[in-house]
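The tour goes from a pocket to one of its residues, then to a loop.

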Amino acid sequence: FTTRHHFTDTTSGLRAAMQAHPGHYLLMSALRRAAYTDDGGLLFVHAGLDPERPLSAQSDSLWWGTSGFARLDRPYGNFAKVVRGFDRLHPGLQVGPFTLTIDAGCGFGGPLLAACLDPRGEVVDLIEA
């Protein structure tokens, strides 16, 4: 009971602090689990997706990933390429026909990678720091 009560108090305190600062609540409620380009060519996710489910039904698959990302063997919906920035194995830059992973382990002892992509999802430039 004490742990649950502490968690509820902490969550309530964080929510109140966020709402006390103008713009924070609106920003947090506007955050999405995925983003896409205006032309719908590229889909950006955090860790992956389940290719068997529509984007509207992905839920936490986008945040935590699934093995489905590695099995993506065709375009996902109308998207030519799905780009993710986190992989538990931190493989660096991994380019597939329909996927792109950009994660060299920043925050886990590895370098930070940043990629410039063209509208088709091809890597135009890569920076490592």
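What is the volume of the largest pocket? It is about 180 Å³. A pocket here is an open set of points on a 1 Å grid over the protein atoms alone, where a 1.4 Å probe fits, with protein on both sides within 12 Å along at least five of seven lines. The volume is the space filled by probe spheres set on the points, which are joined across faces, edges and corners.

This is a predicted model: local features need pLDDT of at least 70, side-chain atom pairs count only at pLDDT 80 or more, and totals for chains, interfaces and linings use all residues. Residues are numbered from 1 along each chain as its sequence is written, and side-chain values use heavy atoms, without hydrogens and water.

Now centre on R84. It is found in strand β3 (strands are DSSP runs of E, at least two residues, numbered from the N terminus). Is R84 buried or exposed? It is buried, with a relative accessible area of 11% (buried is under 20%, exposed over 50%, partly exposed in between, with a 1.4 Å probe and protein chains only).

Show R84's contacts (heavy atoms within 4.5 Å). Beyond four places in sequence, it touches residues including V45, H46 and F69.

Last stop: H90, in the loop between β3 (81-84) and β4 (92-95). Its phi is near 50°, a positive value in a residue other than glycine. H90 counts as partly exposed, at 22% relative accessibility.

How values were computed: On a 1 Å grid over the protein atoms alone, a cavity is a set of points where a 1.4 Å probe fits but cannot get out, and a pocket is an open set with protein on both sides within 12 Å along at least five of seven lines; lining residues have an atom within 4 Å of a point. Helices (H or I, at least four residues) and strands (E, at least two) are DSSP runs, numbered from the N terminus.
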